[in-house]
Amino acid sequence: MWAECGTCWSSKTWRYYACLCGHEELVLYLLANGARCEANTFDGERCLYGALSDPIRRALRDYKQVTASCRRRDYYDDFLQRLLEQGIHSDVVFVVHGKPFRVHRCILGARSAYFANMLDTKWKGKSVVVLRHPLINPVAFGALLQYLYTVASKPGTCVKVLTIEPPAADPRLREDMALLADCALPPELRGDLWELPFPCPDGFNSCPDICFRVAGRSFLCHKAFFCGRSDYFRALLDDHFRESEEPATSGGPPAVTLHGISSDVFTHVLYYVYSDHTELSPEAAYDVLSVADMYLLPGLKRLCGRSLAQVLDEDTVVGVWRVAKLFRLARLEDQCTEYMAKVIEKLVEREDFVEAVKEEAAAVAARQETDSIPLVDDIRFHVASTVQTYSAIEEAQQRLRALEDLLVSIGLDC
């Protein structure tokens, strides 16, 4: 019954009371099974503003931003697990006593000095490596691969499987994957990012299979990462919806030219795709956010949102709120309205805030489904949520009174 209610969303009662009574797990279950809660409809807003807790409100506002498949693709650990299990764009097969393992040279080389050396010497150029030694156990070999793909090692940790031994001071998983991004950078850019370890280790060959040409520079990358983490790049590289493709030159990988993006912005995309993180200044976040939205990278959008949240003040909060709405960053939008609630007595005197309220009201009038103004309701909610003591009631009333006076002055009292 629960799944049926969630899938067709025909029972509005289940949805509303799950939100109203604070059953967060039930709300998440219904959403995961296809439930819809659009903020621009009466029923959606009834749930949104009736929600008992902030986590439920954020879940309702955030869940519609990306499809379930895109959300799963964005989880970094799940992505690496899929690479191992499905062998997406693998470039070498290990056959251990008849059992095949489809893997990626770049990951093995980045995670293990042993594999990096063997793939560049004894196994160099081989697409199939057969291991017949009687002591090599397929189960143990599979466990080693699981470790290399998904487990962040700690200093002093030493994993031994037969003669295969990663270094005792192996870095953490995402730092290892960032090494692939280091090596993908054009040489002229490797000195510009001061936080990152440059240059690439001598003798390490990341075995790139795609070259992205961005603003005249070449980035030597791996399809497994870009196709596995972004539906945009999967369509671009796997489904033949290609912006432009050029034949390989001098034995290098095939090239695809990306338009409308600078090499600096693409560098942030690159590090996010490989390591799930990139250092973003608030100034750079705006440009990266636009590209992250185009490339269907919701996790990178959230990183941009976190960066923009650092610059909230009376002068910037309205502009950042507009950006959050435009790119559907529910968490950032909520942070903006929470900040607005704190300084509402000053914001009501600002023209940009007044215009934002009018625009929200105009959108409501066009729908003719509810007289609720989302921006105003969010601010009211946050003002009310700050009332924890009796002495805070008067302060909250003053804030609400300032907001109500503004609505009256522009003919929007409701």
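Partly exposed, as I use the term today, means a relative accessible area between the 20% under which a residue is buried and the 50% over which a residue is exposed. The model is a predicted one.

With that cut-off, Arg-217 counts as partly exposed, because its relative accessibility is 27%. Its side chain meets that of Glu-188 in a salt bridge, at 3.3 Å from N to O. Glu-188 is also partly exposed, at 46%. The pair is 29 residues apart: Arg-217 sits in strand 5, and Glu-188 in the loop between helix 11 and strand 4.

The structure holds 17 salt bridges. Another one joins Asp-276 and Arg-174, at 3.0 Å. These two are 102 residues apart, with Arg-174 in helix 11 and Asp-276 in the loop between helix 14 and helix 15. Is Asp-276 buried or exposed? Asp-276 is buried, because its relative accessible area is 17%, and buried means under 20%. Arg-174 is partly exposed, at 35%. Both belong to a network of salt bridges that also links Asp-77 and Arg-229.

Now the nonpolar side. In soluble globular proteins, nonpolar side chains tend to be buried together. Away from its sequence neighbours, Phe-225 is in contact with residues including Phe-79, Leu-80 and Tyr-274.

Helix 7 and helix 10 pack at about 145 degrees, with their axes 9 Å apart.

Note on methods:
Residues are numbered from 1 along each chain as its sequence is written. This is a predicted model: local features need pLDDT of at least 70, side-chain atom pairs count only at pLDDT 80 or more; totals for chains, interfaces and linings use all residues. Side-chain values use heavy atoms; hydrogens and water are left out. Axes are lines fitted to C-alpha atoms, for helices over the stretch in contact, and angles run from 0 to 180 degrees between N-to-C directions. Helices (H or I, at least four residues) and strands (E, at least two) are DSSP runs, numbered from the N terminus. Contact means heavy atoms within 4.5 Å. A salt bridge is a side-chain nitrogen of Lys or Arg within 4 Å of a carboxyl oxygen of Asp or Glu. Buried means under 20% relative accessible area, exposed over 50%, partly exposed in between (1.4 Å probe, protein chains only). Lists of a residue's contacts leave out its neighbours within four places in sequence.
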